[in-house]
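Please look over the chain below with its fold and its surface in mind. A short briefing on both follows the display.

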Amino acid sequence: MCVPQTKRTGTIWTALAHIITAVIGSGVLSLAWSISRLGWIAGPLTMLAFASVTLTSAFLLCNCYKSSDPNNGVYRNGSYLDAVQRILGKKSAWFCGIIVRINFIKLGIVYTITSAISMRAIQRSNCFHNKGHKDACKYGNTYYMIAFGTIQVIVSQIPDFRNTEWLSVIAAIMSFTYATIGSALGLAKVIENGEIKGTIGGVPTSTVVDKIWSISQALGDIAFAFPFSLIFLEIMDTLRPNPPEKVIMKKASVVAVFVTTFFYLCCGGFGYAAFGNSTPGNLLTGFGFYEPYWLIDFANACVVLHLVGGYQVFSQPLFAGIEKSIGKKFPNSAFVHGTLKQLPVLRLNLMRLSLRTTYVAFTTGFAILFPYFNQVVGVAGAINFWPVVVYFPVEMYLAQKGIVPWTSKSVIFRVYSFVTLLVILFAFVGSIKGLITARFS
């Protein structure tokens with residue numbers, strides 16, 4: 001092996017924890033709103049379509065974990081970017097590097113916004129309980145974003161991705177908890193109403209153009225909810241070599257996508273059935289539910305705890321890539337490689353402390369500037385779904401398997417890639433339009 005041997009102790013359970021932490025995130029809270037824009041037929045079918053694309057991406061990436069080199073043997077591609085560089089070359093890796101970094105940063109921004117909204121919702125829920133549902137109970141998001149950022153500055157000092165298994169397990173439990181609570185509250189509301197609200201066509205709009213824009217933004221929100229492709233190979237690289245990593249990751253991916261899709265359909269479907277055309281943008285913070293207030297508080301606390309872990313799952317690979325590059329450029333720098341003697345357990349150095357703190361400050365500041373949940377989620381979902389989940393996995397698979405152009409398999413994959421590109425471009429344009437409208441309205 002050309003990659004230094006490291007102790008890999010991961011199992012199918014830790015892989016599931018990492019995947020579920022990555023997938024069941026803030027996006028689940030906007031799915032009821034997305035279904036309300038698409039309607040009872042198109043909404044669930046769109047979710048199933050995105051779930052299928054995500055699972056296809058996972059299967060393709062399983063074949064990209066190991067690369068053969070005639071001179072040096074077999075490489076383990078421990079990250080998405082490593083795989084692109086070794087299989088597709090430096091030019092593709094350069095473009096992919098930009099996309100990867102944008103993806104990690106946008107997730108940090110979305111998680112900061114969502115956590116702040118959930119923390120504010122706890123305060124509002126208690127206010128409504130004490131002062132009545134008609135009270136304004138208005139509170140800002142900024143202080144909560146700063147609080148979440150402060151927590152991330154501390155947690156970001158975890159040395160690397162391999163040390164986040166415990167955090168992912170906790171985060172996965174939290175995500176299951178709040179997704180279950182959201183689904184249960186929606187079901188209880190349906191029973192209380194005595195009817196299933198919603199229509200086949202979704203929320204009506206005054207013009208056809210407005211309907212098209214709302215559909216495109218809903219697609220962006222759903223696109224945000226599913227993918228875990230960028231950290232797929234990092235997760236695979238934590239697994240024990242026996243049984244084969246490929247076998248374990250395929251099983252973990254199938255189970256994870258099945259479980260998350262089930263929760264998504266329940267959470268989104270019950271939410272839309274409960275509120276119909278009045279479905280809030282965020283199921284747990286839009287205050288379609290007021291009581292039991294303690295359960296809503298608990299669910300939002302679970303959201304925050306989950307996103308603390310989710311932020312790290314997506315930030316650690318970014319930190320590792322940047323710090324590796326800096327380390328190669330300055331091999332003798334004490335600032336880069338030295339360890340603070342005051343905190344030897346954390347293996348902390350000044351470079352890591354300053355770099356990671358600056359990153360957290362940036363994502364927090366951007367979130368404060370654009371605190372619009374549904375619009376930001378839509379843009380975040382659409383901005384790099386196609387290159388990350390479809391284009392690069394397809395191209396790497398075709399290259400690894402030596403599939404030549406214009407064969408039946410090649411044509412099928414290229415048509416699949418082109419169709420998903422059209423869908424994502426439509427979602428991206430609509431989501432950008434929604435974000436600009438929200439920012440200047």
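Predicted model: local features only at pLDDT ≥ 70, side-chain atom pairs only at ≥ 80, totals over all residues.

Residues are numbered from 1 along each chain as its sequence is written, and side-chain values use heavy atoms, with hydrogens and water left out.

**Overall form**
- The chain has 15 helices and two strands, which are DSSP runs numbered from the N terminus (helices H or I, at least four residues; strands E, at least two).
- Its radius of gyration, taken over C-alpha atoms, is 22 Å, close to the 22 Å that the globule rule (2.2 Å times the number of residues to the power 0.38) gives for 441 residues, so the chain is as compact as a globular protein of that length.
- Along the principal axes, the C-alpha atoms fill a box of roughly 70 × 60 × 40 Å.
- Of the 441 residues, 54% count as buried, meaning under 20% relative accessible area, with exposed being over 50% and partly exposed in between (1.4 Å probe, protein chains only).

**Surface patches**
- Lys246, Lys250, Lys401 and Lys409 form a positive patch; Lys250 lies in helix H9 (residues 245-275) and counts as partly exposed because its relative accessibility is 31%.
- A nonpolar patch with about 800 Å² of accessible area together includes Trp406, Phe418 and Leu422.
- Leu422 belongs to helix H15 (residues 408-440) and, at 47% relative accessibility, counts as partly exposed.

How values were computed. Patch = residues over 30% accessible without salt bridge, like charges linked within 9 Å, V, L, I, M, F, W, Y side chains within 5 Å. Areas by Shrake-Rupley, 256 points an atom, 1.4 Å probe, with all protein chains shown as cover. Salt bridge = Lys/Arg side-chain N within 4 Å of Asp/Glu carboxyl O. Lys, Arg positive; Asp, Glu negative; His and termini not counted. Charge placed at Lys NZ, Arg CZ, Asp CG, Glu CD.
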